[in-house]
Amino acid sequence: METQLKKNSQDRVAEINRLFLFTDEDKYFFNQIVDQTAKIFNVPISMISILGADEQRFISKKGISADGTPLSIAFCAHTILNKDVFIVNDAQNHSLFKNNPLVTGDPHVRFYAGVSIISKKNVPLGALCVIDHVARNISPHEIHFLETTSQLLSNVIENRARDIKRKRRLLNIYRKRMVEASKMASLGEMASGIAHEVNNPLSIISAKVYQTKTILKNSDININKANECLSAVDDTVFRIANIVKGLKRFARKSTQDPHSLVTISQIVDETLAFCKHRLLTKSIRLDIQIDEEYLITCNPTGISQVLINLMNNAIDAIKGLDEKWIELKITKVNGRLIISLRDSGKGIPQAIVEKIMNPFFTTKPIGHGTGLGLSISKGIIEDHGGRLFYNQGSPHTEFIIELPETVFPATLMTA
Ligand SMILES: Nc1ncnc2c1ncn2[C@@H]1O[C@H](COP(=O)(O)OP(=O)(O)OP(=O)(O)O)[C@@H](O)[C@H]1O
Ligand SMILES: [Mg+2]
């Protein structure tokens, strides 16, 4: 039996995935069917069992605590190989089942009746079944009920899969919109910092132009001095142009951005351009440790947006403390890039830790936080195949970004 089941497990597993059968959402109709079936048969146990490659999983159940069993002992594994309803009137006196651990031990199966659940693509997926602790017979009525309910279940399964797919597509669109919205919100928040970043070099330009004019007024023109002034103007214009370029890139819709190869320092520099001013005005010490220059394939604006979010959260959390520092540490462990952002805060209270990644969860006053920062950041990192998490084990508040395999030492590029 097991070999036969293993042989067609590939098709079955593909259908289970297509139909999201091992996904824990939208189980309302499954639970209703299981409940009704138990009531009609007047039995303590009823379930929908789906057969994976090696195990059966009870995706909806009544009267049993286990979530599944190995295929080797599953009654439903016999059902799935039958077109008709599979009936065991008295398992204790059945040659196939009398030594089965589900009969000799918990849940002490005596009576079993199950019907195959077949997908619209004609692949048997598992069974709807009822179990009793006492031996009994089954009526033609009850057999008919199981047969029609199994057909109904096939429809319910298809409709549920369609709904889940549609919901996920909408969520994805919504998340992408939220990324843009939160980016615009943080741009607004950073406006004063950016103004400062541009104002500073503008005053340098103004001073240098004044100096050049004074030199030119002099009959004994000092060409070298004038050139020096003009070079300083040139450099400073370049600095402003870079800030504007960064801003433009940040403001652009980035969710569809292709991935490109950048050094980790480029990302850190872009991030700091946006946070430097806030760090300075709040007298926060920033310590950056990059153990080696790395190249990563990523959406650079996305990663920088995550770092800006984490940095802003850290600044908000510690700005009122006596001890104010933030530490950004970048290393590579087992081929994965680990970016740790630690601040001098003493960790996030246990009561809210579970919620911080939820959209719209914020402890900030109205108008100061949308509560979207971490949830969007998590999405961006997961889109890169990585993870973003809060490190509960750290004595100071620490968030960790892990990015997968596409990380190389930058020296490879120059070699
Ligand atoms: N470094 C940190 N220290 C202490 N608490 C933090 C830290 N980072 C996040 N939090 C907590 O997590 C909550 C959610 O953070 P998140 O970035 O998602 O939203 P927000 O910062 O409140 O709003 P937004 O990011 O939209 O401005 C914060 O309100 C705060 O309570
Ligand atoms: Mg935030």
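**Entry 1**

I began at Ile-288, which stands opposite Leu-328 in strand 10. The model is a predicted one, in which local features need pLDDT of at least 70 and side-chain atom pairs count only at pLDDT 80 or more, while totals for chains, interfaces and linings use all residues. Residues are numbered from 1 along each chain as its sequence is written, and chains are lettered from A and ligands numbered from 1 in the order in which they are written.

I took helices (H or I, at least four residues) and strands (E, at least two) as DSSP runs, numbered from the N terminus. I called two strands paired if DSSP finds at least two bridges between them. Strand 8 and strand 10 run parallel and are joined by six bridges.

I then followed the sheet across: five strands in the order 8-10-11-13-12, open, with mixed pairing. Strand 8 (285–290) and strand 12 (387–390) are the edges; each has a single partner strand, so one side of each has no neighbour in the sheet. From one strand to the next the twist averages 15°. For axes I used lines fitted to C-alpha atoms, for helices over the stretch in contact, with angles from 0 to 180 degrees between N-to-C directions.

Is strand 8 buried or in the open? I counted a residue as buried if 20 or more other C-beta atoms lie within 10 Å of its own, exposed if 12 or fewer, and partly exposed in between, with C-beta atoms placed from the backbone. The number buried among the six residues of strand 8 is zero, so the strand lies largely in the open.

Tyr-390 stands opposite Phe-399 in strand 13.

**Entry 2**

I found helix 10 (residues 300–318) lying across strand 10 (325–333), strand 11 (336–343), strand 12 and strand 13, at about 20° to strand 11. Contact here means C-beta atoms, placed from the backbone, within 7 Å.

Helix 12 (residues 373–383) has nine of its 11 residues buried. Among them are Gly-373, Leu-374 and Lys-378. Gly-385 follows the helix, with a positive phi near 80°.

**Entry 1: strand 1**

I checked strand 1 (residues 45–51) for burial: seven of the seven residues are buried, so the strand is largely enclosed by the rest of the structure. Ile-45, Met-47, Ser-49 and Leu-51 point one way, and Ser-46, Ile-48 and Ile-50 the other. In a regular strand the side chains alternate between the two faces of the sheet.

Strand 1 pairs antiparallel with strand 6 (residues 124–132) over six bridges, and likewise antiparallel with strand 2 (residues 55–62) over six bridges. Met-47 stands opposite Cys-129 in strand 6 and opposite Lys-61 in strand 2. Three residues separate strand 1 and strand 2 in a hairpin.
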